[in-house]
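Here are my notebook entries from today's look-up. Have the structure open beside you and follow along.

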Amino acid sequence: MFLTISTTGTPERPATDLGFLLHKHPEKAQAFSTSYGTAHVLYPEADAERCTAALLLEVDAVALVRRGKGKGRGGAPDAALAQYVNDRPYAASSLLAVALSAVFSSAMRGVCNARPERAVQSLPLRIEVPALPARGGPDLVRRLFEPLGWAVDVEPVPLDVQFPEWGDSRYVRLLLESETLTLAEALRHLYVLLPVLDDAKHYWVSSDEVDKLLRAGEGWLPDHPEQKLITSRYLSRRWSLTRQAMERLELVRLAEADDSEVEEIDNAVEAEGEAEEKPTPLAVQRRDAIVAALHASGAARVLDLGCGQGQLVQALLKDPRFTEIVGVDVSMRALTIASRRLKLDRMGERQASRVKLFQGSLAYTDNRLKGYDAAVLSEVIEHLDLPRLPALEYAVFGAARPRTVLVTTPNVEYNVRWESLPAGHVRHGDHRFEWTRDEFRQWAGQVAERHGYEVEFAPVGPDDPEVGPPTQMAVFTIRTTKEEKAA
Ligand code: SAH
């Protein structure tokens with residue numbers, strides 16, 4: 001039963017940093033005893049360019065049975081022989097997930113004292129699981145991993161290579177690749193999804209499993225399209241626990257007090273007839289402010305970077321002044337929803353030629369982003385870890401270099417005015433930071449300075465005399481040289 005985790009590196013960011021991130025030294029083979037056998041961690045390769053860590057679990061089949069946990073679902077004991085002849089020793093499964101969390105517990109929490117800056121950064125990752133029991137087959141494997149930002153290569157393993165007519169076994173060979181995830185995120189995905197695919201948990205599920213699930217699912221499970229299947233299978237289809245988990249996930253979503261939810265709350269209030277006059281939701285005010293600033297800039301070809309579910313792209317499409325609109329996001333799931341919202345598949349040719357959506361990470365320079373009039377970063381920067389921000393800054397202001405860049409972000413000072421927001425909380429679970437007006441101005445001023453832009457600021461939403469507006473916007477315009485102006 002094993003899996004490998006590989007990364008690639010450069011002389012400045014050597015791949016062997018993986019050892020620091022996993023808290024396991026690449027030059028040592030180490031063994032850890034767990035309740036079901038021995039877990040080994042070793043590095044088949046470890047140099048600056050490539051580093052691979054392997055986790056191998058040697059399952060003690062007898063211990064497994066003695067612990068009385070080798071029973072089938074529903075508590076019925078398997079036939080006597082089946083207790084000893086089962087697939088647990090070879091297949092990656094919930095046991096491997098347990099070993100993963102035991103051996104890499106700090107890494108799973110994203111803790112790395114030796115390389116703290118690396119722990120919060122995404123890195124090129126390649127994870128291979130040669131034999132993964134997958135109830136639901138390759139299709140379900142894709143549905144579980146792809147929305148999380150993984151490129152998934154999955155092949156069914158034939159029951160017997162000599163007899164292809166026997167068909168496929170319930171095992172797959174799985175290869176996952178990503179450039180956009182941190183190691184901690186990757187480990188937490190595996191910790192939850194390996195047993196979900198296995199669908200035969202080896203130990204009794206108790207209510208602290210709900211806690212474990214919510215902890216490991218933080219940041220991705222509340223928005224996963226297969227959330228219900230994941231929750232139900234992870235909790236071995238115990239309905240009361242599943243319901244408890246689903247309710248708590250719903251609370252997480254609400255507590256995120258995202259602006260889109262503020263929008264929904266506004267709508268609900270109106271529906272109840274409690275509001276005399278419906279206030280314009282902040283998300284709409286923000287879109288209006290962005291469209292107005294784009295008009296003022298004279299832009300025709302516009303990038304919406306971190307376009308999310310495509311609301312701004314949709315608004316821009318309605319305005320013939322914008323001849324080309326490109327939405328970019330790192331999340332495939334967001335892009336799928338965006339293309340559904342825009343009805344891309346049913347759009348006439350002329351409209352379709354004006355709009356493009358593609359997946360990309362703003363933390364990397366991308367030639368596809370060059371040559372546009374304007375770029376919008378609406379409520380995006382706060383979703384990046386602070387150490388990643390210089391990479392985004394370079395990709396947008398240094399490499400893509402549109403004439404105009406609009407950046408909006410929450411003004412943290414305003415948070416005291418949100419009634420639903422507990423003190424000291426950010427507005428959305430995925431916000432890595434929220435800035436005061438001063439902090440935003442400082443950052444934007446330095447960015448402008450470094451890359452040859454002028455910057456101006458505008459409030460979005462009611463400008464409170466004490467704490468300012470809920471959203472702050474910076475409008476960057478490239479500094480033109482005298483010759484360019486003359487031309
Ligand atoms: N612009 C939209 C969505 C904001 S939510 C709006 O104003 O409503 C932030 C979006 O940024 C999410 O869709 C998220 O997937 C995307 N995002 C976060 N980090 C990113 C990165 N490194 N590269 C590209 N998109 C990113």
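**Entry one: Glu-379.** I found Glu-379 in the loop between strand E11 (374-378) and helix H17 (389-400). For these labels, helices (H or I, at least four residues) and strands (E, at least two) are DSSP runs, numbered from the N terminus. I noted that phi of Glu-379 is near 55°, a positive value in a residue other than glycine. Glu-379 counts as buried, with a relative accessibility of 13%. The terms work like this: buried means under 20% relative accessible area, exposed over 50%, and partly exposed in between (1.4 Å probe, protein chains only).

**A note on the model.** I am working with a predicted model, where local features need pLDDT of at least 70, side-chain atom pairs count only at pLDDT 80 or more, and totals for chains, interfaces and linings use all residues. Residues are numbered from 1 along each chain as its sequence is written, and side-chain values use heavy atoms, with hydrogens and water left out.

**Entry two: Lys-343.** I looked next at the loop between helix H15 (332-342) and helix H16 (349-352), where Lys-343 lies. Its phi is near 55°, again positive in a residue other than glycine. Lys-343 is partly exposed, at 43% relative accessible area.

I asked which strands join E4 by bridges. Strand E1 (residues 2-8) runs antiparallel to E4, with seven bridges, and there Ile-5 has Ala-53 as its bridge partner. Strand E3 (residues 37-46) is also antiparallel to E4, with eight bridges. Two strands pair if DSSP finds at least two bridges between them. Ala-39 stands opposite Leu-57 in E4, and a hairpin of three residues joins E3 to E4. Seven of the 10 residues of E4 (residues 50-59) are buried, so this strand is largely enclosed by the rest of the structure.
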